[in-house]
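Visitor: I would like to learn how to read a protein model, one feature after another. Could you take me through it slowly?

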Amino acid sequence: MKKVSLIVLTHGHVDHIQNAAFLSKELNVPIAMHKDDYELAKDNWSEPMSASSLQGKIILILSKRSFKVDKIEPFEPQVSLYDGCALDEYGVLATIIELPGHTKGSIGVKIGETDVVVGDALMNMIYPAKSPLYGDKENVETSAAKISALGDVMVHFGHGKPIRNRNW
């Protein structure tokens, strides 16, 4: 059995943070996220979202419906994550990578030399692609290039099955 020592949130959307407060209390562990998404975690409407593809527009409609209906138990992150932040003090050999675009404070977690969790910077819902839902499309492109530069790692998405990294 593994001991949970930290809850890392890749970004502040309800589908990624909804149970963070509960888990933090139950497991008696801190919540960590990028400071640029603190406000988003309190109010998913605080950062406008856009989409240009059909898939993105469908996800945007569903996301907005979720923002209206789904409740987030309030919490205050105890750990602020930033680019290059190491998680070894929590027993995880991992480093934070800032991946803005989907949200201002989107992050990824590079685990050792073999894996990266990218949250919604990329998605693999119907097929693997750059996030079709974004706050800043230019930053989505930059973040995707940053993930490509990681080389031969397994990419774990916030939505979809993992695949080997490629040129995004």
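Guide: What follows is a walk through strands, a core, charged pairs and one aspartate. This is a predicted model, in which local features need pLDDT of at least 70 and side-chain atom pairs count only at pLDDT 80 or more, while totals for chains, interfaces and linings use all residues. Residues are numbered from 1 along each chain as its sequence is written, and side-chain values use heavy atoms, with hydrogens and water left out.

Visitor: Which strands does β2 pair with, and in what sense?

Guide: Strands (E, at least two residues) and helices (H or I, at least four) are DSSP runs numbered from the N terminus, and two strands pair if DSSP finds at least two bridges between them. Here β1 (residues 7-8) is parallel to β2, with two bridges, and I7 stands opposite I31. Strand β2 also runs parallel to β3 (residues 79-81), joined by three bridges, where H34 has L81 as its bridge partner.

Visitor: Are the residues of β2 buried or exposed?

Guide: Buried means under 20% relative accessible area, exposed over 50%, and partly exposed in between, using a 1.4 Å probe and protein chains only. In β2 (residues 31-34), I31 and M33 point one way while A32 and H34 point the other way, and all are buried.

Visitor: What is the order of the strands in the open sheet?

Guide: Five strands form this sheet, in the order β4-β5-β6-β9-β10, with mixed pairing. Its edge strands, β4 (94-98) and β10 (163-164), each pair on one side only. Strands β9 (residues 154-156) and β10 run antiparallel and are joined by two bridges, with V155 opposite I163.

Visitor: Which residues make up the largest nonpolar core?

Guide: In soluble globular proteins, nonpolar side chains tend to be buried together. A nonpolar core is a set of buried Ala, Val, Leu, Ile, Met, Phe, Trp, Tyr and Cys residues joined through side-chain atoms within 4.5 Å. The largest one in this model has twelve residues, namely I97, L99, V116, V118, A121, L122, A144, I147, V153, V155, F157 and W168. Contact means heavy atoms within 4.5 Å, and, not counting residues up to four places away in sequence, W168 touches several residues, among them L122, A144, I147 and F157.

Visitor: How many salt bridges are there in the whole structure?

Guide: Side chains of opposite charge can pair when their charged atoms come close. A salt bridge is a side-chain nitrogen of Lys or Arg within 4 Å of a carboxyl oxygen of Asp or Glu, and a search of the whole structure finds seven. One of them joins D83 and K146, at 3.3 Å from N to O; this pair links distant parts of the chain, with D83 in the loop between β3 and β4 and K146 in helix α5 (residues 137-148), 63 residues apart. In another, K110 meets E113; K110 counts as buried at 15% relative accessibility, whereas E113 is exposed at 63%.

Visitor: Where does D120 lie, and which side chain of opposite charge is nearest to it?

Guide: D120 lies in the loop between β6 (115-117) and β7 (122-124). For charge, Lys and Arg count as positive and Asp and Glu as negative, while His and the chain ends are not counted. D120 is buried yet has no salt bridge, and the nearest side chain of opposite charge, R166, is 15 Å away.

Visitor: What polar contact does the side chain of D120 make?

Guide: A polar contact is a pair of N or O atoms within 3.5 Å; within protein, one must be able to donate a hydrogen and the other to accept it, and residues adjacent in sequence count only if both atoms are side-chain atoms. The side chain of D120 makes such a contact with the side chain of H11, at 3.3 Å.
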